[in-house]
Amino acid sequence: MSKKLVLAGLIFILTIGLANTVYCDDALVKLGRGVCNVVTSPYEFVNQVSKVNNTDGPFAAISVGVLKGFSMVIVRAAVGLYEVVSFPLPIPKDYEPILNDPEFFFEDQMW
């Protein structure tokens with residue numbers, strides 16, 4: 001009886017967690033976004049140093065760019081890990097992304 005109750009509970013949690021909602025993202029998009037942010041978080045270091053170098057010059061890139069790079073690596077990895085762990089829950093409201101600028105790392109890259 002106990003195994004049946006556990007199985008029913010797991011099915012219920014997965015059904016509620018993975019149910020698509022209307023006009024918003026879903027749990028699988030949140031999971032994919034989280035995995036992508038964890039995997040691409042090391043690239044933030046180079047990206048932030050490059051951005052600061054382009055706007056403020058090389059000396060600012062050495063100091064401010066390095067600090068921004070390290071902090072954004074930690075932020076993107078932590079947010080990605082949070083989204084991976086909490087993907088079945090619609091938190092924040094309707095699975096909205098926590099990082100919006102950009103939501104995915106390579107979103108604003110020009111190829």
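Biologist: Which side chains does the polar contact of 3.1 Å join?

Modeller: A polar contact is a pair of N or O atoms within 3.5 Å; within protein, one must be able to donate a hydrogen and the other to accept it, and residues adjacent in sequence count only if both atoms are side-chain atoms. Here, the side chains of E83 and R33 are joined, at 3.1 Å. This is a predicted model, where local features need pLDDT of at least 70, side-chain atom pairs count only at pLDDT 80 or more, and totals for chains, interfaces and linings use all residues. Residues are numbered from 1 along each chain as its sequence is written, and side-chain values use heavy atoms, with hydrogens and water left out.

Biologist: Is E83 buried or exposed?

Modeller: Buried means under 20% relative accessible area, exposed over 50%, partly exposed in between (1.4 Å probe, protein chains only). E83 has 1%, so it is buried. T40, at 5%, is buried too.

Biologist: How do α2 and α4 pack?

Modeller: Helices (H or I, at least four residues) are DSSP runs, numbered from the N terminus. Axes are lines fitted to C-alpha atoms, for helices over the stretch in contact, and angles run from 0 to 180 degrees between N-to-C directions. Helix α2 (residues 27-40) packs against helix α4 (residues 58-85) at about 150°, with axes 7 Å apart. That makes the two roughly antiparallel (over 145 degrees).

Biologist: Where is T40 found?

Modeller: T40 is in helix α2, and a polar atom of its side chain lies 2.7 Å from the backbone oxygen of C36.

Definitions and conventions. Angles under 35 degrees count as roughly parallel, over 145 as roughly antiparallel, 65 to 115 as roughly perpendicular and the rest as oblique.
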